[in-house]
Number of protein chains: 2
Amino acid sequence: MTKAQTKAVTSPAPSVRDMANAIRALAMDAVQAANSGHPGMPMGMADVATVLFTEALKFDPAVPGWANRDRFVLSAGHGSMLLYALLHLTGYPGMTIEELKNFRQFGSKTAGHPEYGHAPGIETTTGPLGQGLANAVGIALSERLLAARVGNDLIDYHTYVIAGDGCLMEGISQEAISLAGHLKLGKLIVLWDDNSISIDGATSLAVSDNELERFAASGWNTARVDGHDPAAIAAAIKAAKGDSSRPWLIACKTVIGYGAPNKAGKSSAHGEPLGGEEIKATRERLDWPYQPFDVPDHILSAWRAVGSRGAKTYADWAKRLSGANAEAKALISGRKLDTALASAIAAAKTAFAADATKRATRVWSQLTLEHLVPALPELVGGSADLTGSNLTKTKAQVSITPENFAGNYVHYGVREHGMAAAMNGIALSGSFIPYGGTFLVFTDYCRPSIRLSALMEQRVVYVMTHDSIGLGEDGPTHQPVEHLSALRAIPNLNVFRPADGIETAECWELAIAAKKTPSILALSRQAVPNLRSDGPENQSAKGAYVVKASEGARDVTLIATGSEVGVAIEAAAALAKNGVSAAVVSMPSFELFRAQPESYRNSVLGEAPRVAIEAGVAQSWYEWLRPSDKFVGMPGFGASAPAAKLFQHFGITAAHVADIAQALAKKAN
Amino acid sequence: MTKAQTKAVTSPAPSVRDMANAIRALAMDAVQAANSGHPGMPMGMADVATVLFTEALKFDPAVPGWANRDRFVLSAGHGSMLLYALLHLTGYPGMTIEELKNFRQFGSKTAGHPEYGHAPGIETTTGPLGQGLANAVGIALSERLLAARVGNDLIDYHTYVIAGDGCLMEGISQEAISLAGHLKLGKLIVLWDDNSISIDGATSLAVSDNELERFAASGWNTARVDGHDPAAIAAAIKAAKGDSSRPWLIACKTVIGYGAPNKAGKSSAHGEPLGGEEIKATRERLDWPYQPFDVPDHILSAWRAVGSRGAKTYADWAKRLSGANAEAKALISGRKLDTALASAIAAAKTAFAADATKRATRVWSQLTLEHLVPALPELVGGSADLTGSNLTKTKAQVSITPENFAGNYVHYGVREHGMAAAMNGIALSGSFIPYGGTFLVFTDYCRPSIRLSALMEQRVVYVMTHDSIGLGEDGPTHQPVEHLSALRAIPNLNVFRPADGIETAECWELAIAAKKTPSILALSRQAVPNLRSDGPENQSAKGAYVVKASEGARDVTLIATGSEVGVAIEAAAALAKNGVSAAVVSMPSFELFRAQPESYRNSVLGEAPRVAIEAGVAQSWYEWLRPSDKFVGMPGFGASAPAAKLFQHFGITAAHVADIAQALAKKAN
């Protein structure tokens, strides 16, 4: 008998209830100190979380980036204090009691909702409901993909999610559970905080779903437990871990704000401090006689012991990893791109420069992928059921199925939102670079997840084709007009709209190289002319550049993106015939151009009158235009007709651009 | 025996199959003529649609706006030729064979996807998947609401939906079916085109859901039929009509592209013309020996007879309506606002002018609603589970429940997308004006439906509170920064950001008065100062106006919206102390300001240097700024901290604005 064991006998370990009460107390105290926050959920789910962390979760706070750790995703992100309390109690570096005291204060690690990157142990940013659950599908899928490549010996982790009623009411939850059920992601275990309370009151005000039946209909295993019965919770998690044939929903019946004598079970416990009186009463009810933020040694020690338990498992794993082959090691730790990216893009550009065929930029994108995918095994492609339109699948790519996770292409189904959120999860997993396609107009369907890619600084590549009225007959419901502007408004998102094959390859290179920024590739349905066949320099990297210099001094500058760069070049030729000297600027990325020195920007845009051309609304263009300049684009929604007719109707033609430019140039002279 | 009956005996009516084949032929011929479109769905669902129209649907093509007609919503909007064929065959005015020949051509009624307003009988714009199904929930809800007010004798219609696999895969479908199931909308009948094919191939590539179990889990009745067995289809619809206790899903097992020998049952039948050879073979297979677009008389007559059958039902109904009371008549035909709107707003403004309390604009909105809701019985409010935050419910409003449709407030649950789409349906129903709330940041969750409000020109009012970092501690996931710009990019959407109580009342007035434009009301969480107590004129109607004139000649113009107008006024006061004369412009609506004459715009904006202030990104502001002007706002995402700290951190303060303005004014002098 070791000394530690002797000690354990003489000083009995705290109960699950005691340990859970530490979470409850920290949650209510931190919310009270901040005078803002959500105590109800952490107090309600404290028992479940305690059982999960003490009995099931494989983790080592000393190595929070351990590739084979179990993931814990708090989809109900408003319950952030549950996570922060757990990270503090189990000993994650930096998650001090001071951080908890600074809950929701400027610069703290303990933001109102968990923010990825603020502290180790926060696996993803949550708060917008349903996102964490859908991220978790991508994380769980990554586990299967990585395990298929490096073996279960090295990668074999579970993904646990705590989701609330709100997560399950959001439509994204259906896309996520449907995809997870289809793919039989059996190591995904969702713990539903079934507390029957939402902000407006009882959930019965708005929802009557039988969630267990719903999940079962999507191929999930389900169980129901009393969320305050540790033995039942432990048994359910054990059963779920023991059967990985399908994902699991464990409905945990809980009382929101558990322990608060007057507010427990009520929506008033959800989103505001309990108040001094109620906190005092709660301390009594829970038999928790300690001061605010004071966790007694015996309980803290028990928690810290839980935290240190994973060290041995990690060490054993690290030993196994050291014996693995180089490719496995590289994949597990996140491959360095080295020269592979540059070589693949160089090869693509060389091939494209020799290819005079007019093609749509979506086709050039596919041709680029034919170079990229073989060179970068970490690429995982997909489409929301538009593979043949987005051209996201290369010849050699293999579809992932529940029976074969050795593939590298996901049929996401008609689930744009679920796809985007899953891609966030794949990116967060650390081993893969996800890209996925739909029509540009349907960025609206996945915008909340695109925003989170940007906020979390994740490298996710959105391949968004059919990027204007150039798609033609499908009409205004399918024609993006405001989307380029609306996407450019999102911080830390690179919106690329390449003009031809060379630019498409360049933009792909930039997207893959941007480790902390997601990218939109806006690609045409219709064929565009080749504009460049020049050398290896990535001209798109500066965001904008003169693609066709003026003959002599500039009379006018035409600025365009994507398929309208060809229109501008044609207009410049027409202007030349009339003695007007026009320079043409291609601007594949506003964001990268904005980041250039002012001197470069001025040299590109010039002093001459400017005409901007883009088959979208004007909004984002005013940044580059002076009041006397002009914009040629869409005045509003499009229409259903063949593309050429639409460009004609809306005046997005070389002739019209030339007319406007000529008038401007004349005025200026 | 009448003459007509005699004739029917001597010339037997065409079979369902014959009548359905007319749809099939028109669909494949129109797609072929357009060289673009989706023949597979209309051909697959032709039998189901024929049974629905011939046996169940209550409609009268001569009175397409009949308030008590059954609604037919083609949620799978890519199958638009199904709808156009039905409208042509049953004799809707204007839906001539020429229109069908002009399928997908510029200016035709027959756009690629059904566009509301293009032709009578198109109940809603569909194409973005799942939207029609979710609109239908709002339509079916409107039926219950209206019936509760005017009696089942006058309003008693069914809402039928044809939905495809894609509709059911979209997350919005879950929000819709969950809400419909909760509200027990038993007169909603969804016919699912269960053809097991999506664009990427077999649906089994991406989905394994048991849809019947899923709908049942949300409280729906379900049935399954062979979609090519008219008797079975008729029996299922009859059973569904006979039991209105819950909504119905009828899964119709069909063959996509039914009749096409080589393409039926394949994804190649989905979204491209069948081709001349295949069409020829299909004609043979279907025993349809007629020329393209040629519907033989006996079949056309049979269809026209179906179309004229509703005339008597309509006439009987019109007679009943003529005996109804004035209020019922007004509600049914869509109430005229008359003076009720103006009076309610005038009363609100008078009260607000006398009230010096600093309040959040969301509070002013609620106080405005206290005047509006009693005055406008057609208002139907709601929130996506944020009632107490959005302040969308007035004292006297009654929650709608499955047992009580006499209420006027919907607890939409945590279903922003479903709410927005349902509101579109409510607006389309013609009797009610819907408004609903969530946080401004979650406009992202319902953006596809907001876009459709705008495209369909529907008066839907989005009450979007917590409109900036002013919400404080919830942090960047909840702080809209790009949303004002992103919403302003959507055509035909009025984005209002009122600055105080008076402006809030004015913007509500403008939102309700805009019959063909949806509105966003962006409202603050935090209290703002009162800026105006002036007379009855709606100053917000011009989009922007000088809220505080300069003392003497303007040295600088400060332009702001919402909570930042107070900041600008404070800055102007500080500038005055330094001898700088600043005018302050409040710009509650860019859209309305843009619509003003240039002379007015110039007079408001002036020639002096401009500083724009808004706690969001700069993008949409460049329209009003010259290169030498300045913007004070958000450089990117926000942070979690108390609001005052955030405004300080990001420099959105009167002191910082004054500094910048002073420097600009000095430079100009």
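In chain B, five strands form an open sheet with parallel pairing, in the order E1-E2-E3-E7-E6. Strand E1 (71–74) and strand E6 (221–226) of chain B are at the edges with a single partner strand each, so one side of each has no neighbour in the sheet. From one strand to the next, the twist averages 20°. The model is predicted. The points below cover this sheet, a helix of chain B and an annotated stretch of chain A.

**The sheet in chain B**
- Strands of a sheet pair through backbone hydrogen bonds, either parallel or antiparallel.
- Strand E3 (residues 188–194) and strand E7 (residues 248–253) of chain B run parallel and are joined by six bridges.
- Val190(B) stands opposite Leu249(B), which belongs to E7(B).
- Helix H6 (residues 131–150) of chain B packs on the sheet and touches E1, strand E2 (159–163) and E3 of chain B. The direction of H6 makes about 170° with that of E2(B).

**Helix H14 in chain B**
- Helix H14 (residues 326–333) of chain B has Ala328(B), Leu331(B) and Ile332(B) buried.
- Seen down the axis of H14(B), the buried residues fall within an arc of 100°, so they line one face of the helix.
- An α-helix has 3.6 residues a turn, so residues three or four places apart point the same way.
- Ala326(B) and Ser333(B), on the other side of H14(B), are exposed.
- H6 and helix H13 (310–322) of chain B are among the elements that cover the buried residues of H14(B).
- At the N-terminal end, Asn325(B) caps H14(B), with a side-chain oxygen 3.1 Å from the backbone nitrogen of Glu327(B).
- Gly334(B) follows H14(B) and has a positive phi, near 90°.

**An annotated stretch of chain A**
- An unreviewed UniProt entry annotates residues 359–530 of chain A as "domain: Transketolase-like pyrimidine-binding".
- Over residues 359–530, chain A is 35% helix and 19% strand, and the end C-alpha atoms are 8 Å apart.

Notes: Residues are numbered from 1 along each chain as its sequence is written. Chains are lettered from A and ligands numbered from 1 in the order in which they are written. This is a predicted model: local features need pLDDT of at least 70, side-chain atom pairs count only at pLDDT 80 or more; totals for chains, interfaces and linings use all residues. Side-chain values use heavy atoms; hydrogens and water are left out. Two strands pair if DSSP finds at least two bridges between them. Helices (H or I, at least four residues) and strands (E, at least two) are DSSP runs, numbered from the N terminus. Axes are lines fitted to C-alpha atoms, for helices over the stretch in contact, and angles run from 0 to 180 degrees between N-to-C directions. Contact means heavy atoms within 4.5 Å. UniProt positions are given in the numbering used here, feature names are shortened, and annotations may be inferred rather than shown by experiment. Buried means under 20% relative accessible area, exposed over 50%, partly exposed in between (1.4 Å probe, protein chains only). The arc is that of the directions from the helix axis to the C-beta atoms. A polar contact is a pair of N or O atoms within 3.5 Å; within protein, one must be able to donate a hydrogen and the other to accept it, and residues adjacent in sequence count only if both atoms are side-chain atoms.
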